[in-house]
Amino acid sequence: MFGTLTDKFSNALRSLSGKGKISETNVREAMEQVRQALLEADVHYEVVQSFTERVQTQALGTEVLQSVKPGQQMIKIVHDELIRLMASGGAPSGEDDEAAGDEPSIMYVSPGPTVIMMCGLQGSGKTTTCGKLAAYLKKRGKSVMLAAADLQRPAAVHQLNVLADQVSTEMTGGAQVHFYSEPDKVAEYGKAVGAAVTVCRNALAAAKDKKIDVLILDTAGRLHINDQLMDELRQVNSAVGPHQVFLVIDAMTGQDAVNSARAFNDQLELDGVIITKFDSDTRGGAALSVRSITGKPIKFIGTGEKLDALEEFHPERVASRILGMGDVVSLVEKAQEQVSEEEALALQEKMAKGKMTMDDFLNQLRMIRRMGSMKSLLGMLPGVGNMLKDVNLDEKQIDRTEAIIGSMTKVERANADLLDNSRRRRIARGSGTQQQDVSQLVKGFEMVSQMSKQMAGMGMLSKVKAMAGMSPADVAALGGGRGGNPFGGARPEQNKPKFKERKKKSR
Amino acid sequence: MGLFKSIFAKVKEGLAKTRQQFIGGLRTILSGKQLSPELLDQLHARLIQADVGVKASDELIKDLRAGWERGEITTGDQALGFLKDQLGRYWPDEDRRVHFAPPGSDGKKTPTVILVCGINGAGKTTSIAKIAKSMRDEGRSVMLAACDTFRAAAVEQLEIWSGRLGVEVIKGKQGGDPAAVAFDAAEAALSRGIDVLIVDTAGRLHTQDHLMRQLTKIKSVIAKKIPGAPHEVILVLDATTGQNALNQAKAFTEATQVTGIFLAKLDGTARGGIVVAIREALNIPVKFIGVGETPDDVEPFEPAKFVEAMFAE
């Protein structure tokens, strides 16, 4: 995400970062590029104007022109302003910053239930987000009730019901997930206006009755200019008095994002915003603008189709990512979510002794997969995001690797040294791959186990550095896919020189 | 298409005057004024705010500025006329027509297949209901294929529409292979002599390569069953989408050779200017626009009206 904005910024700022001394003209030229980049990223026109003006004023102040490293100084200003824009909506004073920075994503009331109302335009992702939010709460031990107040879109009630079941059976956490609906109230577009109020009121009573911690109301998508439907939302608001009202916005929205956000905010007094579909290649200008225009914080971002693909929003991390500084913190957090400490320690010990088996390798692959798509993970590593922009990471190749390991016997998995040519031939047949695919996997496995032995002694940071130091060709050797790469289609030959170039520049 | 209700009438009918609030009058900016550098800047800003994009806006304003410097365009009204003319030329008539299957050599009827794709939440299913209804109203027999086997309740959603419209729907199992459903539907359409088969697919982000390949597969399965099909590949775009729509159009075209755009949700305050950029970069025409939630809320795309709405007061 934010990939192209990162590139643009890098280009704009690179022209400055090499210079020992810069002139006012240099700053203005760079700012023009930054301005264009932001507009192309769908940041709202007005926000772009005020953003560039603020940065330019600061940059033209003595601090940049007279500093020893003007480029670095300039990057810092842009970075800080980006954070400010997303954290506090660009308020010039610092008062707002603190409040926004550490505000919890969801505020619970006691006694419950805490009522959350979701609203937004059609197709922004409300229903899916309701499911994700339920999963998020379940994991944190909160019992949830999902109430289907979208009586308008065909099968919306059914969709939420399916999601509630999925969260209940498939997602981790001990708390209960309930579903509330009144399917008899469903009607064609425009014919059920107002019925949602009753449904929400009844849902609240049911949630109180069952002593549910959090009640989530999934309302129908509506246009911010449809007075009748906006009025219905206001009625729900006053009938059940939700503790938090979240607006759901598609990350790919253009200039109009602020219009709808402003209208919803005017009518409902929003508490926060959830940005969806952040895993696309959108440059995410909507996220940048909405906070600034509405003054309401971005609480969560949706990053995939799976139910656990909901992340808390951290402005400073996203700002870093925009500037190509990577997001190691998110990566570590994701890893921690998936791997228990004991598991990690046990594996670490094995790795340190060079006793990693194919089974461990497979487990790790699966663990990584659970963390999200390869591309989104690698995108979090500093410097890698840029390198990856033209690369197609093929998740299917990981399937193939799984198939190959699955075709090995237990003995072979425990001891990869046994894998001679005849065994490799058999494994290739069994997994529907070529023998060279198997050989490549074995080679990659050997490399990883060797590297892990070396890395065992290092701290987290140096590990990341060691990984970043791997050339894409090394990465490519990791396992057996057609095209010789578990991450598929990553053309190592093409990326190698680019990567080296980057490394030189960053020094 | 038989549905020539004006977008303005529709908007007035369904939505309140609040819309007016948002639509700052470009005409009021331009009308009765002499063209000036400031006015050109304002116009540029307006294009950007309509999501036309930096590059396409720069081009348009550059041409306008050239005309102004040559003394050919001097007033605001002339400028507006110039823009309408310029943009109107982007979408010639023949580009906007729906392609139907030619009759087979043996005189037998071949179903026209319309494959519909787009990202999650763009409005595919509703748009399909609209296309289906307008085709049916023109006297064609219509069949739907529910190839979104992924999203919860997607098949049910299409079924409800098919029930309301009285058209048949071919479906598979939740989680099943969408290409298999497409195959079955193509076969059913052939054997039953259906005029138009509309294929619904799961919403997918254009960045998910494996899902894009699945779309290519669906397309080739259809082509294998019915030579020449699909006759139209329609990309449904949410009119509120910003510059990312360009990436979407690019990726979907690579996977399925998109033949036209259904610009959905144009009844909000968004202007859908991104189709200008898409036309410029990829030469994909707009074929339909969606202006509401009922199956009647569809219109053939008319550039003049679209441009007028983009600059409406």
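Start by selecting residues 244-250 of chain A, strand β5, together with β6 (residues 272-276): the two run parallel and are joined by 5 bridges. (Strands are DSSP runs of E with at least two residues, helices are runs of H or I with at least four, and both are numbered from the N terminus; two strands pair if DSSP finds at least two bridges between them.) Click on Ile249(A) and you will find its bridge partner, Ile275(A), in β6(A). The chain crosses from β5(A) through α11(A) to β6(A), and this β-α-β crossover is right-handed: with the strands pointing away from you, the path from the first strand over the helix to the second runs clockwise.

A quick note: this is a predicted model, where local features need pLDDT of at least 70 and side-chain atom pairs count only at pLDDT 80 or more, while totals for chains, interfaces and linings use all residues. Residues are numbered from 1 along each chain as its sequence is written, chains are lettered from A and ligands numbered from 1 in the order written, and side-chain values use heavy atoms, leaving out hydrogens and water.

Stay on β6(A): 5 of its 5 residues are buried (under 20% relative accessible area; exposed is over 50%, partly exposed in between, with a 1.4 Å probe and protein chains only). Gly272(A), Ile274(A) and Thr276(A) lie on one side, with Val273(A) and Ile275(A) on the other.

Finally, select helix α10(A), residues 227-240. Its buried residues include Leu229(A), Leu233(A) and Val236(A).

Methods. The expected span of a helix is 1.5 Å times one less than its number of residues.
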